[in-house]
Every structure is written in C-alpha cells, then in structure tokens.
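Here's a quick briefing to read alongside the model. Have the sequence and the 3D view open while you go through the points.

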Amino acid sequence: TTDQTAVQWLHAFHLATKDRTTRGSKRLLLMDNHRSHCTPEFINFAVDNGIIPYCFIPHTTHICQPLDSKPFLALKHCYQSNNNIVVQWGGSVERKSDFFREIVSVRNALTTRVIKSGFASYSISLFNY
C-alpha cells in the first residue's frame, strides 16, 4: 500500500459510510499501523470528516482483530452454504466477479449481534452503539 492508495481508500470509505451516520456522529476506523495510515494527509482527512482512526499496537493485529473471530466465521459459513447452492444449480464460483456477486447475498450474516459478539470475544467494548 502506498500513501496515495491509503488516502484514496479513505476517501472511498468516507463516501460509502457517511450516509449511514447521523449528523455530528463519528465513525471508528480500526486498522493496522502501516505507515500509510499515519500520514498527515490521511489523519487530517479522517479528522475533518468525523472518522476516528485507531491503530492497533504494532505486531498485535493477529490478536486484536475483532472481526476475524465470530463475524467472519459467520460470513464464511453463510458464503460456503450459498456457494454450495450456486454450484448445485450449475453456477460458477471460480472467478473474482463470482465472489463479488455472491457476497452481496450473504452480508446479512454480519448482524449487529454477531459483530458485537466478535468485539466482546476480544474484550473490546463498544460504547453508544
């Protein structure tokens, strides 16, 4: 990842999430501490747009990524079940475009309850949510 790519991604994140929050509320962005996430341009854009960038402690992301537990496990299970149905009916799940087509129908596995449970399993409390 380059500094420019990180800022472009942050702009895309902002556009994709800004309408999901009420005016004046903030969004928390959990990320690793790659140097591209710590540039003045990245941090200033985040702060100016109500995004709170939070970097995990170096060399601990494998321990601290709350979505890698229950939420992604639920998503993976739902995705595999959906793939089995698609293949059973003669569909394809081999190309990247197949993945993006199928992921839309399994996002419902990521419920608020499952996400909160993933955070709780890492002893991370979500406030005001």
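Predicted model: local features only at pLDDT ≥ 70, side-chain atom pairs only at ≥ 80, totals over all residues.

The protein chain holds 6 helices and 2 strands, and its elements come in the order α-β-α-β-α-α-α-α when you start at the N terminus.

**The chain as a whole**

- Of the 129 residues in the protein chain, 27% are buried.
- If you take the contacts in the protein chain with a separation of 6 or more, 62% of them join residues 24 or more positions apart.

**Helix 1**

**The salt bridge**

- The count of salt bridges comes to 1. The partners are Arg-35 and Asp-3, with their closest N and O atoms 2.8 Å apart.
- Arg-35 belongs to the loop between strand 1 and helix 2, while Asp-3 belongs to helix 1, so the pair ties together parts that are 32 residues apart in sequence.
- Arg-35 counts as exposed because its relative accessibility is 57%, whereas Asp-3, with a relative accessible area of 30%, is partly exposed.

**Helix 4**

- Helix 4 runs over residues 70-88, and its 19 residues reach 27 Å from the first C-alpha to the last, close to the 27 Å expected at 1.5 Å a residue.
- Pro-71, Leu-75, Tyr-79, Asn-82, Asn-83 and Val-86 are the buried residues of helix 4. Their directions span an arc of only 110° around the axis, which means that they share the same side of helix 4.
- Gly-90 follows helix 4 and has a positive phi, near 90°.

**A closer look at Leu-75**

- Leu-75 is part of helix 4, and it counts as buried because its relative accessibility is 15%.
- Which residues does Leu-75 touch, leaving out those up to four places away in sequence? They are Ile-103, Val-106, Arg-107, Ala-109 and Leu-110.
- Take Ala-109: 34 residues separate it from Leu-75 in sequence, yet the two are 5.4 Å apart in space, C-alpha to C-alpha.

**Helix 6**

- In helix 6 (residues 112-121), the buried residues are Val-114, Gly-118 and Phe-119. They lie on the same side of helix 6, because they cover an arc of only 140° around the axis.
- Strand 1 and helix 4 are what the buried residues of helix 6 pack against.
- Just after helix 6 comes Ser-123, with a positive phi of about 60°.

**Out on the surface**

- Leu-28, Ile-52 and Tyr-54 make a nonpolar surface patch of about 290 Å².
- Tyr-54 is found in strand 2 (residues 51-55). With 43% relative accessibility, Tyr-54 counts as partly exposed.
- Val-47 is in helix 2. Is Val-47 buried or exposed? Its relative accessible area is 53%, so Val-47 is exposed.
- Val-47 and Lys-26 are 21 residues apart in sequence, and their C-alpha atoms are 9.3 Å apart in space.

Methods
Residues numbered from 1 in each chain as written. Heavy atoms only, no water. Helix = DSSP H or I, 4+ residues; strand = E, 2+ residues; numbered from the N terminus. Expected span 1.5 Å × (residues − 1). Buried < 20%, exposed > 50% of the residue type's maximum accessible area, 1.4 Å probe, protein only. Arc of directions from axis to C-beta. Patch = residues over 30% accessible without salt bridge, like charges linked within 9 Å, V, L, I, M, F, W, Y side chains within 5 Å. Areas by Shrake-Rupley, 256 points an atom, 1.4 Å probe, with all protein chains shown as cover. Salt bridge = Lys/Arg side-chain N within 4 Å of Asp/Glu carboxyl O. Contact = heavy atoms within 4.5 Å.
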